[in-house]
Structures are given as structure tokens and as C-alpha cells.
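Take a look at it first, and then we can go through its parts together.

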Amino acid sequence: MKRNAIAFWIGAAAFLAAAFIMTKMVGNQYPFFAGYVVLQFIALAVAWSILGGYAGYVNFGTSAFFGVGVYSSVFLLKAFGAPLPLQILAAAAIGALMGFALGLLTLRMQGIFFSIATIALTIIIETAVTNWRYVGGAAGIQIQRPPVTAPFDNYVQLLFFVQAVLVVLAVAISRYIQNSWIGRGLQALRDDELAAECTGVPTLRLKLLACVISGALLCAVGAPSAMYLQFANPESAFNLNYSVSTLAMALIGGTAHWSGPIIGAILLSTTQQLLTVTISSEVNVLVLGLMLVLFVVGAPEGIIGLIRRLRGNRKEGEA
Amino acid sequence: MDLLLDAVVIGVLLGCFYGAVSLGLSVSFGLLDVPHVAHPAFLVLASYGVFIINEHYGIDPLVAGLLITPLFFVFGLAAYRLYYETFEKRGSDAGVRGIAFFFGVAFIIEVLIIMQFGVDQRSVTAEYIGKSWRIGDMRIPYRMLVAFAVAAALTILLTLYLSKTFMGRAIRAVAQDQEALRLMGANPIKVKQWAFGIATAVLGVAGALLIIVAPVDPTLDRAYIGRTFCVVVMAGLGSMSGTLVAAIILGVAESIVLTMFGASWAPAISFAMLLGVLAVRPQGLFGRRS
């Protein structure tokens, strides 16, 4: 293992340990409620970037994957009383299948048409779920949490820790992809798909792989959300805000490096949590819109790009 | 059978209305390739403009729509300038960042409307709203007829403008070959800016129709992303008469599904058709490109 890799895994272990110790030390429940949402968005943004950042296929269907994750949990819970790990695994499997279907779409559509198609998918799935009586239809469904298991005293703390594990998983996968031939291939097809295909990059296989991994992770992140809210309805589970927030976080952080989406997600979702508490949820959508426009216009490479530019300037100054 | 006939008639009228609200996008996305997902947000904004004028001065919504048209024209000029300076000028992946940009703009407009007017539905008052015309067993609301007439007039005017006037022809030329236009000594950016202004100006009247046909709320734009893009893509980017035909197809399809399966399936119709068109025939039914 290289030194970088060792440092990364130590960091990941320290992060999980800190999350676990936090559940033991902090008595107040609010940090877990808010922290869960922040972690959820970190995982979403990182998972989104595998397709949207590395491969350059801008997916507006985050809400579709997230919502399917939520509803596969709801269904499994209602039909079989399945435990949380099984819900997450099942959601990941369904997400992988959806990702595969999305990957096939990329055969026919690129650029903005792909993006529009993903919005279309979201609304179609949402409408289908709205008309599915068994899982509550348009009115939504109440969910009973099972009793909490051993090391945790509280179900929200358990969910908080589960989401932290998902974050580590998503980041590890994203980091692995970036450093392997998959990442280089995706980058090549992002820059010029035709040229990549001509030089022997297996573009279709790579695109399908990116779609499947990204889709599975997005769905898996959505799965615990049903338990978190103790309620699910199609309008909020498939809300377009998830798509735009996730995209905004990835773009604000920068998609050139795996750490970009993490920075963006922490920055934006923490701000949003603070604003929701202190002012109102409308203002937090406004901030989302403003930040998105500002960064897309002013810093197209995101915070990562800004840092790199600053460093570059300093180096030039020294030389 | 009567039910089906009813559905088709209402569908045609509804379709014409969809055509009217999609015409602007047919110019901005169809001809100019601007990924204008904020188009429906601009539309809802226009509706609120009409609402203010109608409520404060009691002016007919259609006249109010005409009144805000010049304002929207200028707004469109400014919006394109910003888009051009930040995306098209820089070149690479303008489409992808552009769509993120316009989503941001749409969210900002939504929230500003919510902060100003709240989340309640708003409607306008006029002679023809709330009454309907009886033919036999069928009842056709007058507001749908108004929408139908205005939509037809708008389509004809815009088609004539694009085919008969000098500027209109320049707009179609810039859509076909921007470089050629530059070689002829014209400034393609000016032409595109003008075209985007026209596309946004049309929204003044379209916004009036939107609030005439049904009450408006701040997040209504999300439903219209599917409808307008479905119409424009199905029409085959940039064809005005094609836009009207595609819109009528969508209107009839929505209306039939509404009668047969109920309102809860309606939102998916436009998106399903959009997806179908993109997958099977990306150049649309009356495409400008082969």
C-alpha cells in the first residue's frame, strides 16, 4: 500500500471512530438529526460525481435514485419487515439495475439531452409510485421504527452511524475509481468520447460501470431515509431539490478530485441546516440557487479549482 | 364515445395552450441551443406580473400580458448577454454548466415569488373566466377558447416573423450556420441576443394565458419543464408550426389519459413522451437536422 492510501484509511477509521464516540458522548439529539442530513448529502454528492464528475454525464435523476431507495425500504419493511442492512443492500441492488438502464440511455443521448432524460425518468417513477397504493400512494405512509440494537441507545444515533459508514464506502469507491484505469478512462471519454473510443478506451463498458456504481450508491443512501423521517411520501422522496442540491454541492466543491464533492456538501448542507433552523426553509432554497449560479459563473472548477489556481499563482510568484 | 370526443376536443384546446407556452423555448432551445430550463420559471414570473396588474388596476389579463412584453424583451436581452459572457464565450461544456446555471436561476425565481406572494394559488378575473360555451352536451370553457385563439395568433405571427422579416431570417440563419453569418458581415451574437429577447417577450402573453387557464402557484414551473421540453423536442428543434402540432399531440394525450385513468397519471405523460421521442427519434417529428 502506498503512503497516501494508508493515510486515507487511517483518516477513514478515525472518522468512523469519532462518529461512534460522538454517539456515546453527546446527550443532545439535535446534532445527530442535523449531522445525518449533512452525511447523507456528502454521500449523495460523492456518488453523483462518479458519473457526473468523472464521466461528465450530468445526471438530474438523483431524486429518482434517492426516492427509489426510500421506497424500496418502505416496501421491504411493509412486506417482510426486513431489517435495515437488508433494506440498504436491496436498495443498492435496485439502484445498480436502474443505473444500468441509465447507462443504456447514454447510448442514444449525450449532453443536455441526457440531463433532460434523467429529469423525465424522475417524474415518471414518481408518478408510478404515487399511483402505487400498497406503499401509501400520494398521501404517504407512516413507518414504525424497530427497537434499537446493542451499541446504540437511540435509533437516530444508529442511523447517523450507518450514514457515516455509507459516506466512507462512497468516498473509498470514488477515490479508488479516480486513481485506477477506470477513472482515467472516464476522464478520456469526458474530454472527447469519440477520440477515446477510437484510441481503444472501452467507453460503453466504462459508462455502464460508472452508472451502475453511482446508481447503487445513490439508492443505498436513500434507503435509511424512510427510517429517519418515519414517514415517506412521493412528493418529498422524489423532490427535485435532491437533484439540484447534489449537483450544486459537487459543482461548488469541484469534480476534478474526489474530495471536491465532500467539501461542497459540507459547506452547502451545513449552511442550509443553519438557515433552516435560524430563518426558514425558503431561504435555504434561495441560497442553494444563488450559490449554484455564483459558482457556475464565477468558479466553474469549484473550490478545488480555486485552490489549485491560488497554489499555481503562488508557485509562479516564487519562481 | 362521447367521453372520448370530449377528451379530444378539450385536448386540442389544451394542446394549443401548451403550444403558446412552448413557443419561446422553441426559439431559445430549438433555434439557439440554449438549455433554458428556467423558461417555465420565467413563464410563471410573467403570470405573477399579469396577476399584479390585473389585481391593482383591473386591466384585462391579456392586455396586461401585452404590457409586460417589452419588459420581458429587455429581461431576455440581459439574460442572454449574461449567458453568453459566462458560457458560450468560454466554449467547452457550455450545455452542461448552462443547464445547472438555469436551474439555479429557476430556483431563485421560485423562492423570490414565494417570499413576495406566499405559496397560495393566485388567479385573475375577467369576463370570460368561469363561463362556458354549450354545444349539445359538450361544455367548453371560454378561457380555453381564448387560449386557443391567442395561441394560434402567436404561432402565426412568430412563423411570419421568422420567415418574412429580415431579422427573422437572420435568426434562422444563425441557427443553421453561425460562421456563415459572420462571414456575411453580420454579428451572430447580436442576432442571437435579439432572438432570445423575442423568445422571452412571447412569455409575457404566454404567462397571461397560463393564469387565465388555471390558477398559478410558485412551483408550477416544475410541471411545465416536462411539457415545454416535450413539445419542443417532439417538434424537432426550432419548427414553429411543428411546435403547435406537437403541443396538440401532447394535449390530446394528456386529456385522454386524464379521462381514462385519472389525474394522478397526468404528470408522467409529457415526460414519458419526451423520453420516447429522445430514445426513438431524437431529431423530432419535424426536425431541422437530420
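What follows goes from the two chains to their contact, and then to a few local spots.

Keep in mind that this is a predicted model.

**The two chains**

Let's start with chain A, which has 15 helices and two strands. Its radius of gyration is 20 Å, close to the 20 Å from the globule rule for 319 residues, so chain A is as compact as a globular protein of that length. Chain B comes to eleven helices and two strands. For its 290 residues a compact globule would have a radius of gyration near 19 Å, and chain B agrees with 19 Å.

Here are some values for each chain:

| Chain | Span along the principal axes | Buried residues |
|---|---|---|
| Chain A | about 60 × 45 × 45 Å | 50% of 319 residues |
| Chain B | roughly 60 × 45 × 35 Å | 53% of 290 residues |

What about contacts along the sequence? Taking contacts with a separation of 6 or more, residues 24 or more positions apart account for 79% in chain A. In chain B, the share from residues 24 or more positions apart is 78%.

**Where the chains meet**

How many residues of chain A are in contact with chain B? There are 33 of them, and they touch 31 residues of chain B. On the chain A side, the elements that give two or more residues are helix H5 (111-130), helix H12 (240-253) and helix H14 (281-298). H5(A) brings the largest share, twelve residues. Sorted by class, this side of chain A has 24 nonpolar, seven polar and two charged residues.

**The core**

The largest nonpolar core has 215 residues. Among the members that touch the most others are Ala43(A) and Cys219(A) from chain A, along with Phe17(B), Ala20(B) and Ala147(B) from chain B. Helix H8 (residues 188-213) of chain B supplies the largest share of this core, 16 residues.

Which residues does Ala147(B) touch, leaving aside neighbours within four places in sequence? They are Leu13(B), Cys16(B), Phe17(B), Ala20(B), Leu209(B), Ile212(B) and Val213(B).

**A hairpin in chain B**

The two strands of chain B, E1 (residues 132-135) and E2 (residues 138-141), pair in the antiparallel sense over four bridges. Trp133(B) stands opposite Ile140(B) in E2(B). The hairpin has two residues between the strands, and Gly136(B) takes a positive phi near 60° there.

**A buried spot in a loop**

Finally, find Val34(B) in the loop between helix H1 (2-31) and helix H2 (39-57) of chain B. Is Val34(B) buried or exposed? Val34(B) has 29 C-beta neighbours inside 10 Å, so this residue counts as buried. Leaving aside neighbours within four places in sequence, Val34(B) is in contact with Ser28(B), Phe29(B), Tyr83(B), Gly98(B) and Phe196(B). Gly98(B) is 64 residues away from Val34(B) along the chain, while their C-alpha atoms are separated by 7.6 Å.

Methods: Residues numbered from 1 in each chain as written. Chains lettered and ligands numbered in written order. Predicted model: local features only at pLDDT ≥ 70, side-chain atom pairs only at ≥ 80, totals over all residues. Rg over C-alpha atoms; globule rule 2.2 N^0.38 Å. Buried ≥ 20, exposed ≤ 12 C-beta atoms within 10 Å, placed from the backbone. Contact = placed C-beta atoms within 7 Å. Nonpolar A, V, L, I, M, F, W, Y, C, P; charged D, E, K, R; others polar. Core = buried A, V, L, I, M, F, W, Y, C linked by C-beta atoms within 7 Å. Pairing = 2+ DSSP bridges.
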